[in-house]
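The sequence and structure come before the text.

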Amino acid sequence: MKTAFILAQISDLHIKAAGRLSYQKVDTMSALKATVAHLNSLSPAPDAVVITGDLTDFGRAEEYGQVRSVLDTLTLPWFAIPGNHDVHSAFRDAFADCHWLPAQGDFLHWVNDDFPVRLIGLDSTVPGASWGEFCETRAEWLRATLRDQPHKPTVLMLHHHPFISGIGHMDSQNLRNRARLADVVANAPQVKRILCGHVHRFIVSELAGVVVCSAPGTSHQVAPNFAPDAPAHFVLEPPGMLLHRWHKSQGMATHYLPIGQYDGPWPFYDKAGLID
C-alpha cells in the first residue's frame with residue numbers, strides 16, 4: 001500500500017458548446033484546455049483528479065460533448081460530481097462509460113477505494129434549484145458508506161459549500177441541512193477533508209472539526225464582496241486548482257496552484273551557498 005497520495009481538485013468548468021463564451025465574456029473552453037495541460041504537466045503527477053461540479057453551463061448534451069473532448073486528453077484518473085448547472089440525465093449519458101458513475105438511482109453518488117485515501121462523491125444537487133440539499137436519504141447513504149471503511153482516511157466531495165462564505169448571493173444558495181451533515185461527519189473521524197466547489201474561490205472553513213476546502217474556478221471567480229446587498233458579479237482573477245497531499249505519517253495538506261505559465265523554478269542556492 002502506498003504511503004502517500006495526491007488528489008488534484010478542479011471545479012466549475014461551465015463549458016458551453018460551439019465555442020460560446022460564458023456570460024458573453026469568459027472563454028471557459030480555452031480555460032479547461034489550459035487546466036488539463038497544466039494537470040498533465042505536473043511532476044510528480046497527482047494520483048487522481050476530482051471535478052467538484054458545474055462541468056457545463058446549462059447541462060446540454062453538446063456541452064458535455066465538449067467537456068469529454070478535453071477530459072479524454074487527461075493522462076490521470078478522473079472523477080466528477082454534478083453541480084447545480086449540470087443535468088442528471090445528460091450527465092449520466094455523457095459519462096456512462098466511467099466506472100465510478102452509478103448506472104441508476106436518484107442521486108449520482110459514488111465511492112472509490114482504489115487509492116490509500118478513500119474518495120466519496122456526494123450528489124448535493126436539487127433539480128432546477130441553485131441551492132444544494134443534504135436530506136435524510138442522502139444522510140442514510142453517507143452513514144452506511146462511511147461505516148463500510150471506518151478506519152480508512154477519507155475525502156468527502158460535494159458541490160455546494162457547507163459553510164457561510166460571507167458572499168451573500170452565494171450563501172443564499174449553499175448547502176441546506178448543514179447541521180445534518182455536521183452530525184454525520186462528527187461521527188466519522190476517518191473523514192480528513194471535505195471538498196466543494198460552487199463559490200468559485202479558494203476558501204478554507206470547517207465543519208464538525210474537519211477542514212473544508214472550496215476550489216477556485218478554472219476560468220472565472222466570484223467577486224469577493226461581503227456587503228449585504230452585493231450584486232452577483234464575477235471577476236477574471238487567475239484560474240486555479242487545489243492539490244490535496246496525504247501521507248500516512250504526516251496527514252493531509254492542501255496547496256493552491258494558479259493555472260498558467262510562470263517564470264521559474266529558479267534555485268535559492270548555488271555552489272557558494274545562498275545566492276546573493
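The paragraphs below go through the salt bridges and then the accessibility of their partners.

The model is predicted, so local features need pLDDT of at least 70 and side-chain atom pairs count only at pLDDT 80 or more, while totals for chains, interfaces and linings use all residues. Residues are numbered from 1 along each chain as its sequence is written, and side-chain values use heavy atoms, with hydrogens and water left out.

Nine salt bridges are found in a search of the whole structure. The term stands for a side-chain nitrogen of Lys or Arg within 4 Å of a carboxyl oxygen of Asp or Glu.

D113 pairs with R118, with 2.9 Å between the closest N and O atoms. E136 takes part in a salt bridge with R143 at 2.8 Å, N to O, and in another with R180 at 3.3 Å, N to O. The E136–R180 pair links distant parts of the chain, 44 residues apart: E136 lies in helix α4 (residues 136–148) and R180 in helix α6 (residues 178–186). Helices here are DSSP runs (H or I, at least four residues), numbered from the N terminus.

For the accessibility classes, buried means under 20% relative accessible area, exposed over 50%, and partly exposed in between (1.4 Å probe, protein chains only).

| Residue | Relative accessibility | Class |
|---|---|---|
| D113 | 33% | partly exposed |
| R118 | 4% | buried |
| E136 | 32% | partly exposed |
| R143 | 26% | partly exposed |
| R180 | 27% | partly exposed |

In the D113–R118 salt bridge, R118 is therefore buried at 4%, whereas D113 is partly exposed at 33%.

Conventions. Helix = DSSP H or I, 4+ residues; strand = E, 2+ residues; numbered from the N terminus.
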